[in-house]
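Dear colleague,

Please find below the structure that I am handing over to you. My notes on what was found in it follow directly after.

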Amino acid sequence: MHKKSLLVALALALSSVAAAGSVQAELEECDSGHVCMWGNTDFNWLIGERPSGGGPVALSGAANNQMDSWVDGSNTNAAGYDNWDGTGDCQTFHAFGRDNNVAFWNSDEVSSWRTNRGC
């Protein structure tokens, strides 16, 4: 193997280890048993955290319409809506589930959310 190829392979390996550590650090921002949303993919920029059992709450300011990844660490489904009042297009955040990069049609659209049931 050429020295240049070896250096490129080593750099790629080290960057993937660093990225995995970064994702784990971001996930640790979410308290155990809570539902959390992040404004960027890969659990970066925490924009909301709530325990299970809560009704619709509107997102405001910089958090509105920014959700790109989520974790539901509870035993209850949660949901995000595209309208401020818990109505409109809905995404279910499945109990004990997570998504590090929501589908492009769901990206940056959550304006309110609930933690007491899914859609």
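A disulfide is taken here as a pair of cysteine sulfur atoms within 2.5 Å. By this rule the protein has two disulfides. The model is predicted, so local features need pLDDT of at least 70 and side-chain atom pairs count only at pLDDT 80 or more, while totals for chains, interfaces and linings use all residues. Residues are numbered from 1 along each chain as its sequence is written, and side-chain values use heavy atoms, with hydrogens and water left out.

Disulfide Cys30-Cys36

The sulfur atoms of Cys30 and Cys36 lie 2.0 Å apart, and the two residues form a disulfide. The link of Cys30 and Cys36 is right-handed, with 90 degrees about the S-S bond. For accessibility, buried means under 20% relative accessible area, exposed means over 50%, and partly exposed covers the values in between (1.4 Å probe, protein chains only). Cys30 is buried because its relative accessible area is 12%. Cys36 has a relative accessibility of 0% and therefore counts as buried.

Disulfide Cys90-Cys119

Cys90 and Cys119 also form a disulfide, with their sulfur atoms 2.0 Å apart. The link of Cys90 and Cys119 is left-handed, with -90 degrees about the S-S bond. Cys90 lies in strand S6 (residues 90-93) and Cys119 in the segment after strand S8 (112-114), so the pair ties together parts that are 29 residues apart in sequence. Helices (H or I, at least four residues) and strands (E, at least two) are DSSP runs, numbered from the N terminus. Cys90 is partly exposed, given its relative accessible area of 23%, whereas Cys119, at 53% relative accessibility, counts as exposed.

With bonded cysteines counted along the chain, the disulfides of the protein follow the pattern 1-2, 3-4.

Overall fold and surface

The protein contains one helix and eight strands. From the N terminus on, its elements run α-β-β-β-β-β-β-β-β. Of the 119 residues in the protein, 34% are buried. Contact means heavy atoms within 4.5 Å; among contacts between residues at least 6 apart in sequence, 64% join residues at least 24 apart. The protein exposes about 6,600 Å², of which carbon and sulfur atoms supply 55%. Accessible areas come from the Shrake-Rupley method with a 1.4 Å probe, and for residues only the protein chains shown count as cover.

With kind regards
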